[in-house]
Amino acid sequence: MARRFTLSEAERLLPDVDRSIRRAIELKSEYEEAEGMLNALARRVTIAGGSLVNRGFVIERKTTRDRSAEGLRSAIERIQEIGCLIKDLDVGLVDFPTLFRGEEVYLCWKLGETGIGFWHGTQEGFSGRKAIDREFLENHRGDPPN
């Protein structure tokens with residue numbers, strides 16, 4: 001069962017989530033760059049019917065790719081351990097489960113936003129975001145403390 005947050009609990013976690021999502025985005029970019037270089041090299045070798053390759057270059061790119069993949073996995077796991085749901089890593093979109101009038105919904109945060117100002121239903125997604133208002137604040141809750 002996923003953890004549910006109050007708005008204040010979720011906002012207290014934003015600095016850690018922000019750091020982790022930025023790191024994940026950076027590592028994803030490093031991974032994709034290294035993987036792209038390796039794929040391009042493999043295509044050139046195939047088209048040429050074989051060729052000499054710089055083994056040092058290949059080893060370096062594979063090491064970068066593998067290190068980035070492991071770091072990315074760790075960053076994503078960190079966010080998930082907090083209890084958040086990564087909805088779009090490319091733009092840094094993260095949801096925090098909460099209850100509104102007894103129904104599970106998500107507090108919605110996007111990288112670059114200074115706080116959490118929106119929520120949406122579990123089936124609505126980003127396009128269904130609604131501004132957090134007094135009614136939401138008075139009728140939402142997280143899990144009770146352990």
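Which strand does aspartate 88 lie in? I looked it up: aspartate 88 sits in strand E1, residues 85-88. (Strands, E, are DSSP runs of at least two residues, and helices, H or I, are runs of at least four, numbered from the N terminus.)

**Ground rules.** I'm working with a predicted model, where local features need pLDDT of at least 70 and side-chain atom pairs count only at pLDDT 80 or more, while totals for chains, interfaces and linings use all residues. Residues are numbered from 1 along each chain as its sequence is written, and side-chain values use heavy atoms, with hydrogens and water left out.

**Aspartate 88, continued.** I get a relative accessibility of 29% for aspartate 88, so I call it partly exposed. (Buried is under 20% relative accessible area, exposed is over 50%, and partly exposed is in between, with a 1.4 Å probe and protein chains only.) The side chain of aspartate 88 reaches the backbone nitrogen of valine 91 at 3.4 Å. I also checked valine 17, which is 71 residues away from aspartate 88 along the chain; their C-alpha atoms are 14 Å apart.

**Whole protein.** I counted three helices and six strands. Walking along the sequence, I read the pattern α-α-β-β-β-β-β-α-β. The radius of gyration is 20 Å, well over the 15 Å from the globule rule for 146 residues, so the protein is more spread out than a compact globule. (That radius is taken over C-alpha atoms, and the rule is 2.2 Å times the number of residues to the power 0.38.) Along the principal axes, the C-alpha trace spans about 70 × 30 × 30 Å. I noted that 36% of the 146 residues count as buried.

**Threonine 98.** Is threonine 98 buried or exposed? It's buried, because its relative accessibility is 0%. I found threonine 98 in strand E2, residues 93-100. A polar atom of its side chain lies 3.0 Å from the backbone oxygen of arginine 141. Leaving aside neighbours within four places in sequence, threonine 98 has contacts that include Arg4, Phe5, Phe136 and His140. (Contact means heavy atoms within 4.5 Å.)

**Arginine 101.** I moved on to the loop between E2 and E3, where arginine 101 lies. Its relative accessibility is 53%, so arginine 101 counts as exposed. Phi of arginine 101 is near 55°, a positive value in a residue other than glycine. I jotted down that most residues other than glycine have a negative phi.

**Lysine 110.** Strand E3, residues 103-110, is the place of lysine 110. I have lysine 110 down as partly exposed, since its relative accessible area is 29%. Not counting residues up to four places away in sequence, lysine 110 touches Val91, Gly92, Leu93, Phe126 and Arg129. The C-alpha atoms of lysine 110 and valine 94 are separated by 6.2 Å, and the two residues are 16 apart along the chain.

**Histidine 120.** Which side chain does histidine 120 join through a polar contact of 3.2 Å? I found that it is the side chain of aspartate 95. (A polar contact is a pair of N or O atoms within 3.5 Å; within protein, one must be able to donate a hydrogen and the other to accept it, and residues adjacent in sequence count only if both atoms are side-chain atoms.) Histidine 120 lies in strand E4, residues 118-121, and counts as buried because its relative accessibility is 2%. Leaving aside neighbours within four places in sequence, I list among its contacts Val105, Tyr106, Cys108 and Lys130.
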